[in-house]
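Subject: Structure handover

Hello,

Here is the structure you will be taking over. Please open it alongside this note.

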Amino acid sequence: MESIIILVFVIGYLSITLEHPLRLDKTVPALIMAALIWALLAIGFHAGWFDVIDTYENSFNFLTGGEEAEHGFENTLLHHLGKTAEILIFLIGAMTIVEIIDLHRGFEILKGAVKTKSKRKLLWIIGVLAFILSAIIDNLTATIVLVTLLRKLIVNRNERLWYASMVVIAANAGGAWSPIGDVTTTMLWIAKNVTALGLIEYVVIPSIVCFVIPFVIAMYLPAFKGEIITQELPDDEESGRLLSSKTMLFLGLGMIVSVPVFKTITHLPPYIGMMLALGVVWLVSEYIHPEEDFSKERRHLYSAHKALSRIEISSILFFLGILMAVAGLESLVYGVAENGDPVGTLRYLAEVLQATIPNQDVVVILLGVFSAIIDNVPLVAASMGMYDSPTDSVLWHFIAYSAGTGGSMLIIGSAAGVAAMGMERIDFIWYLKKIAWLAAIGFLAGAGVFLLIERVLFAH
């Protein structure tokens, strides 16, 4: 039965990885995989074929434990569902705030930052915007906003492809050092594997290196020499800005940034802070007038209800499926540790990896490379079940960096890359030939700087 559960996970994982060739939304295999794993766990547990372990390393056997073991199994399932729900509620709140800003055309304000025809200057302006924005509103949303901006600025599509691809590198680097910049860092933060200040302190410099080095090299490529043919941007009224655009942009971004501060002050889980942030933004959006001829008939066009209808529920369900599937593997007792305690499947895998590759840094760098091929959400979710290092340990910081930035090496390796690929129809092979080597140099340089900082400058 254990082999069947692992096989279900492997098949589901492959289906997610092969999403594009199969033309199947990755949410489908994620949900089916999670449901089947927990169904097989329940059947095997009640039949007495194997034990189930909770997060406190308590093992339950139904045949010997009876009703107490049954309650242990139910509490384990509820515990994992609760931890997953924390992440999902946080993401729903953040995504809704971003959509409210977008409905009020707050991101139109960013157009004012671009007033150059120099290819090199434009490269750096777009790169810095991507790096900073991704740390605040997440790398996926930052990429969508900036690729949309590039479409309005650059006429030539071939020139635009280079900029859109460089945005992917900058956005992934920017998201890696922020607890709200990438789904994986959010997962690590909510699980208390990292703190917001610890993540920023140790990962921001390697992330800057990962962003800056590819951009410095790109400056000297033929694609970024000379001047660019741009479209003239219209005045404020014609550009589609509303009276509320600036208010909603700064309020929305300010409330998202306030979430880590709220957690630090109250010691409450981050999703509580995000609920407060969404409530405040929603409240203001109910009373602010987006335009001079504002009427009740047009109110729904700028409402939070409209924003909620625009968020990607399929992405939320994908995270639900993959996180619950990984939780199922984590709960299946697969062996015993050196001290004789039962361990779940993922912890057992960690011990095997440790025996095969004693250097943990190499394992984490490989995780970063794999994140270019495989979705980084299940990779990080699995690593969270594999290791039990303390909060803000070197391991968790390095995983946050590697999983966040390693995906830039392939266009399909990150949510930001997939978004850019879809919006600009970027060819996989073109990206592999033109951009992948830049992303790889940045990733390895940042990893080297990370290890230097963690092991030399901040050695404990």
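First, the ground rules. This is a predicted model, where local features need pLDDT of at least 70, side-chain atom pairs count only at pLDDT 80 or more, and totals for chains, interfaces and linings use all residues. Residues are numbered from 1 along each chain as its sequence is written, and side-chain values use heavy atoms, with hydrogens and water left out.

**Salt bridges**

The whole structure holds five salt bridges. The term means a side-chain nitrogen of Lys or Arg within 4 Å of a carboxyl oxygen of Asp or Glu. Side chains of opposite charge can pair when their charged atoms come close.

Start with Asp-102 and Arg-310. Their side chains form a salt bridge, 2.6 Å from N to O. Asp-102 sits in helix α5 (residues 67-103) and Arg-310 in helix α13 (residues 304-310), so the pair ties together parts 208 residues apart in sequence. Helices here are DSSP runs (H or I, at least four residues), numbered from the N terminus. Asp-102 is partly exposed, at 33% relative accessible area. Arg-310 is also partly exposed, at 34%. For these labels, buried means under 20% relative accessible area, exposed over 50%, and partly exposed in between (1.4 Å probe, protein chains only). Glu-99 joins Asp-102 and Arg-310 in a network of salt bridges.

Next, Arg-151 and Glu-424. This salt bridge spans 3.2 Å, N to O. Arg-151 belongs to helix α7 (residues 139-153) and Glu-424 to helix α19 (residues 415-424), 273 residues apart. Arg-151 is partly exposed at 38% relative accessibility. Glu-424 is buried, at 2%.

Then Glu-159 and Lys-119. Their closest N and O atoms are 3.2 Å apart in a salt bridge. Glu-159 is in helix α8 (residues 157-176) and Lys-119 in helix α6 (residues 119-137), 40 residues apart. Both residues are buried.

**Helix α8**

How many of the 20 residues of α8 are buried? The count is 18, so the helix is mostly covered (buried again being under 20% relative accessible area). From first C-alpha to last, α8 reaches 29 Å. That is close to the expected 28 Å, which is 1.5 Å times one less than the number of residues. Asn-156 caps the N-terminal end, with a side-chain oxygen 2.8 Å from the backbone nitrogen of Asn-158.

Best wishes

Conventions. Helices (H or I, at least four residues) and strands (E, at least two) are DSSP runs, numbered from the N terminus. A polar contact is a pair of N or O atoms within 3.5 Å; within protein, one must be able to donate a hydrogen and the other to accept it, and residues adjacent in sequence count only if both atoms are side-chain atoms.
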